[in-house]
Amino acid sequence: MRLGMAGAVICTLAGTAVGGMLRERKYARLRLLEGEAEILARMRLMLMEERLSMPRLLEECARAAPDNLFAKRLMRVGQLLEKQPLLSLENAYGEACRLYPLTAEKKEDRFVMHHFFRQLGRGTAAMREQAAASALRKVKPALESAEEAAKTGGKLSMQLGLLLGLVVGIALW
């Protein structure tokens, strides 16, 4: 079945759209990790000052980056801890993860943050600050990797999508 020029153009556009979608997934992970790193750095500084309760600390960190999905999770954790003071920080974070699933989050990212919240819920302020520093050290290599993947892989995804669309379009012409 021959679709003609219109079919070729539609296939080209569809291939480009698929490439754009794959590119956006890479950039979504990059934005997520940038937000996590920014919030962890801010949280670490605030933990050194030792002035806020845990719910207030989480809410203040979340307010610093309101457009960030990770910040929405933190805000929810703070709200849960205020409503249910006996709830552990780790369980509150798990509940927030269920309410705000992040499609760009990989399994290793989830593990780092769950481990961080497990440590954050215990110990002295100095131990909590060290937990934030440790999580930040683990997020940095993933952030660098995501930056590289977004730059090279994003461009490649767009080019391959366009090429695939052209090939299919020409084949159907």
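**Figure 1. Surroundings of phenylalanine 116 in the predicted model.** Leaving out neighbours within four places in sequence, phenylalanine 116 is in contact (heavy atoms within 4.5 Å) with Leu40, Met43, Ala131, Ala132 and Ala135. This is a predicted model, in which local features need pLDDT of at least 70 and side-chain atom pairs count only at pLDDT 80 or more, while totals for chains, interfaces and linings use all residues. Residues are numbered from 1 along each chain as its sequence is written, and side-chain values use heavy atoms, with hydrogens and water left out. Phenylalanine 116 lies in helix 5; helices are DSSP runs (H or I, at least four residues) numbered from the N terminus. With a relative accessible area of 1%, phenylalanine 116 is buried; buried means under 20% relative accessible area, exposed over 50%, and partly exposed in between, for a 1.4 Å probe and protein chains only. Phenylalanine 116 and leucine 136 are 20 residues apart in sequence, and their C-alpha atoms are 9.5 Å apart in space.

**Figure 2. The largest nonpolar core.** This core has 42 residues, and those with the most contacts inside it are Met43, Leu58, Leu74, Phe116 and Phe117. A nonpolar core is a set of buried Ala, Val, Leu, Ile, Met, Phe, Trp, Tyr and Cys residues joined through side-chain atoms within 4.5 Å. Two or more residues come from each of helix 1 (4-49), helix 2 (54-63), helix 3 (69-83), helix 4 (89-99), helix 5 (107-120) and helix 6 (125-172). Leucine 74 touches Ile39, Met43, Leu58, Cys61, Ala62 and Phe117, residues up to four places away in sequence not being counted. In helix 2, seven of the ten residues are buried, namely Met54, Pro55, Leu57, Leu58, Glu59, Cys61 and Ala62.

**Figure 3. Packing of helix 4 on helix 5.** The two helices pack at an angle of about 145°, with their axes 7 Å apart; axes are lines fitted to C-alpha atoms, for helices over the stretch in contact, and angles run from 0 to 180 degrees between N-to-C directions. Helix 4 contributes Leu89, Glu90, Tyr93, Gly94 and Cys97 to the contact, and helix 5 contributes Met113, His114, Phe117, Arg118 and Leu120. Arginine 118 and glutamate 90 form a salt bridge, their closest N and O atoms being 3.0 Å apart. A salt bridge is a side-chain nitrogen of Lys or Arg within 4 Å of a carboxyl oxygen of Asp or Glu. Arginine 118 is partly exposed at 29% relative accessibility, and glutamate 90 is partly exposed with a relative accessible area of 25%.

Figure 4. Aspartate 109 and arginine 29 meet through their side chains in a salt bridge (3.0 Å, N to O). Aspartate 109 belongs to helix 5 and arginine 29 to helix 1, so the pair ties together parts that are 80 residues apart in sequence. Aspartate 109 counts as buried at 6% relative accessibility, and arginine 29 is buried with a relative accessible area of 10%. Arginine 73 forms a salt bridge with glutamate 105, the closest N and O atoms being 3.0 Å apart. Both arginine 73 and glutamate 105 are buried. Glutamate 36, in helix 1, is buried yet has no salt bridge, and the nearest side chain of opposite charge, arginine 73, is 5.5 Å away; here Lys and Arg count as positive and Asp and Glu as negative, while His and the chain ends are not counted.
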